[in-house]
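User: I would like to learn how to read strands and sheets in a model. Please take me through one.

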Amino acid sequence: QVQLVESGGGLVQPGGSLNLSCVGTGFTFGVYVMAWYRQAPGKERELVATITSASTNTYYAASVEGRFTISRDNAQKTVYLHMNSLKPEDTAIYYCRRWRQNDSWGQGTQVTVSS
């Protein structure tokens with residue numbers, strides 16, 4: 001059974017940083033493209049970033065490019081999202097998922113950017 005557990009969210013001031021983690025179990029983690037998504041209050045869920053299985057390619061939404069970095073450790077079955085220069089509009093619940101797989105959404109981790 002596929003399980004994806006996100007952690008690392010919290011309350012941070014504008015301009016601050018957070019590091020999110022997601023551990024994936026129940027599948028061969030190292031062969032899948034992994035993705036981070038987010039859903040802000042009253043908005044649809046959106047793709048934030050993706051990373052290929054061997055970390056050779058990454059993709060970022062325009063709204064986070066240059067501020068967020070996605071990375072992974074296949075030995076630890078973990079994908080990370082390093083978030084810098086956070087803005088209030090980054091406030092959302094952040095989720096990870098296998099790219100283009102019909103996984104159930106986990107609980108996510110709440111990120112709140114506020115002074």
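Analyst: This is a predicted model. Four strands form an open sheet in the order E1-E3-E8-E7, with antiparallel pairing. E1 and strand E7 (68–73) are at the edges with a single partner strand each, so one side of each has no neighbour in the sheet. From one strand to the next, the twist averages 15°.

User: What joins E1 to strand E3?

Analyst: Strands of a sheet pair through backbone hydrogen bonds, either parallel or antiparallel. Here E1 and E3 (residues 18–25) run antiparallel and are joined by five bridges. Ser7, for instance, has Ser21 as its bridge partner in E3.

User: How many bridges pair E7 with strand E8?

Analyst: Six bridges, again in the antiparallel sense, link E7 and E8 (residues 78–83). Opposite Phe68 stands Met83 in E8.

User: Which residues lie on the covered face of E1, and which on the uncovered one?

Analyst: In a regular strand the side chains alternate between the two faces of the sheet. In E1 (residues 3–7), Leu4 and Glu6 make up the covered face, while Gln3, Val5 and Ser7 make up the uncovered one.

User: Where is Tyr59, and why does Tyr59 count as partly exposed?

Analyst: Tyr59 belongs to strand E6 (residues 58–60). Partly exposed covers the range between under 20% (buried) and over 50% (exposed). Tyr59 counts as partly exposed because its relative accessibility is 40%.

User: Which residues is Tyr59 in contact with, leaving aside its neighbours within four places in sequence?

Analyst: Those contacts of Tyr59 are Leu47, Val48, Ala49 and Thr50. As for Met34, 25 residues apart from Tyr59 along the chain, the two C-alpha atoms are separated by 11 Å.

Conventions
Residues are numbered from 1 along each chain as its sequence is written. This is a predicted model: local features need pLDDT of at least 70, side-chain atom pairs count only at pLDDT 80 or more; totals for chains, interfaces and linings use all residues. Side-chain values use heavy atoms; hydrogens and water are left out. Buried means under 20% relative accessible area, exposed over 50%, partly exposed in between (1.4 Å probe, protein chains only). Helices (H or I, at least four residues) and strands (E, at least two) are DSSP runs, numbered from the N terminus. Two strands pair if DSSP finds at least two bridges between them. Contact means heavy atoms within 4.5 Å. Axes are lines fitted to C-alpha atoms, for helices over the stretch in contact, and angles run from 0 to 180 degrees between N-to-C directions.
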